Amino acid sequence: MRIGYARISTGHQIHDGQIASLEAAGCDKIFSEIASGAKRDRPVLAKALNYLRPNSGDMLVVYKLDRVARSLPHLIEIMDHLKQNGVAFHSVTEAIDTSTSSGRLLFHICASIAEFERGLIRERTQAGLKAAKAKGRIGGRPRSMTEDKVNAVRELLAAGTTAKDAAAAVGVSVPTLYRWLPSSAR
């Protein structure tokens with residue numbers, strides 16, 4: 001059997017494209033999950049892995065390598081688990097099929113490149129945060145509450161406007177509004 005696994009990181013994304021690709025790859029059953037790839041403990045991935053029958057010719061199929069794991073050690077751990085159980089692995093996007101020698105080689109090369117790319121992203125992020133700090137800015141998103149917005153919110157609240165309506169009026173969320181206003185001003 002070909003068992004598919006699709007993963008998206010947030011509920012704002014959709015996995016329709018992944019599922020369509022897995023169906024086109026001939027998957028008999030597809031497990032889908034909303035979870036960060038950085039999380040090692042993913043319940044649906046565990047179910048998919050447990051559903052695979054040892055030494056039966058089953059194959060785990062994913063749309064892309066980073067759907068199953070975001071780090072090389074975790075990916076290799078999963079691959080070792082599959083290998084020990086006599087289960088093959090197929091990544092549709094990278095055209096990797098570990099039931100062949102060349103597929104296993106390509107898998108290791110792609111996994112190493114993916115880990116390298118993730119490391120570069122981490123380094124660039126750290127360099128950007130360091131540069132921003134040197135300019136006196138704290139990392140993260142730009143502040144959404146300006147002094148003008150804070151004053152406008154204070155006036156709205158003093159006039160009896162609800163926090164929800166005041167936040168909407170200046171274009172921020174209620175939690176953002178509360179972070180900027182002392183509890184005495186609410």
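1. Does alanine 95 count as buried or exposed? Alanine 95 counts as exposed, because its relative accessibility is 54%; here exposed means over 50% relative accessible area, buried under 20% and partly exposed in between, with a 1.4 Å probe and protein chains only. The residue is placed in the loop between S4 and strand S5 (96–97). Helices (H or I, at least four residues) and strands (E, at least two) are DSSP runs, numbered from the N terminus.

2. On the basis of the note: this is a predicted model, in which local features need pLDDT of at least 70 and side-chain atom pairs count only at pLDDT 80 or more, while totals for chains, interfaces and linings use all residues. Residues are numbered from 1 along each chain as its sequence is written, and side-chain values use heavy atoms, with hydrogens and water left out.

3. The chain is divided into domain 1 (2–100) and domain 2 (147–180), with bounds that come from an automatic or database domain assignment. Between the C-alpha centres of domain 1 and domain 2 there are 45 Å.

4. The sheet deserves attention next. Five strands form an open sheet with mixed pairing, in the order S2-S1-S3-S4-S5. Strand S2 (29–34) and S5 are its edge strands, each pairing on one side only. Two strands are said to pair if DSSP finds at least two bridges between them.

5. Strand by strand, the pairing is as follows. S1 and S2 are parallel and share six bridges, and glycine 4 stands opposite isoleucine 30 in S2. Strand S1 (residues 2–8) also pairs with S3 in the parallel sense, over four bridges; there the bridge partner of glycine 4 is valine 61 in S3. S3 and strand S4 (residues 88–91) run parallel and are joined by four bridges. In S4, histidine 90 is the bridge partner of valine 61, and phenylalanine 89 that of leucine 60.

6. Serine 91 has isoleucine 96 in S5 as its bridge partner. The hairpin of S4 and S5 has four residues between the strands, and alanine 95 takes a positive phi near 55 degrees in it.

7. Most residues other than glycine have a negative phi. Asparagine 55, however, has a positive phi, near 50 degrees. Asparagine 55 belongs to the loop between helix H2 (43–51) and S3, and counts as exposed because its relative accessibility is 63%.

8. Which strands does helix H1 lie across? Helix H1 (residues 16–24) lies across S1, S2 and S3, and runs at about 170 degrees to S1. Axes are lines fitted to C-alpha atoms, for helices over the stretch in contact, and angles run from 0 to 180 degrees between N-to-C directions.

9. Helix H4 (residues 72–84) packs with helix H5 (residues 101–134) at an angle of about 155 degrees, their axes being 9 Å apart. H4 and H5 are therefore roughly antiparallel, a term for angles over 145 degrees. Leu72, Pro73, Leu75 and Met79 in H4 meet Phe107, Ala111, Ser112 and Glu115 in H5, where contact means heavy atoms within 4.5 Å. The residues of this contact comprise six nonpolar, one polar and one charged; Ala, Val, Leu, Ile, Met, Phe, Trp, Tyr, Cys and Pro count as nonpolar, Asp, Glu, Lys and Arg as charged, and the others, Gly among them, as polar.

10. Finally, leucine 177 lies in helix H8 (residues 174–180). Leucine 177 counts as buried because its relative accessibility is 0%. Leaving aside residues up to four places away in sequence, leucine 177 touches Val153, Ala163, Ala166, Ala167 and Val172. Leucine 177 and methionine 145 are 7.8 Å apart in space, C-alpha to C-alpha, and 32 residues apart in sequence.

Conventions
Parallel < 35°, antiparallel > 145°, perpendicular 65-115°, else oblique.
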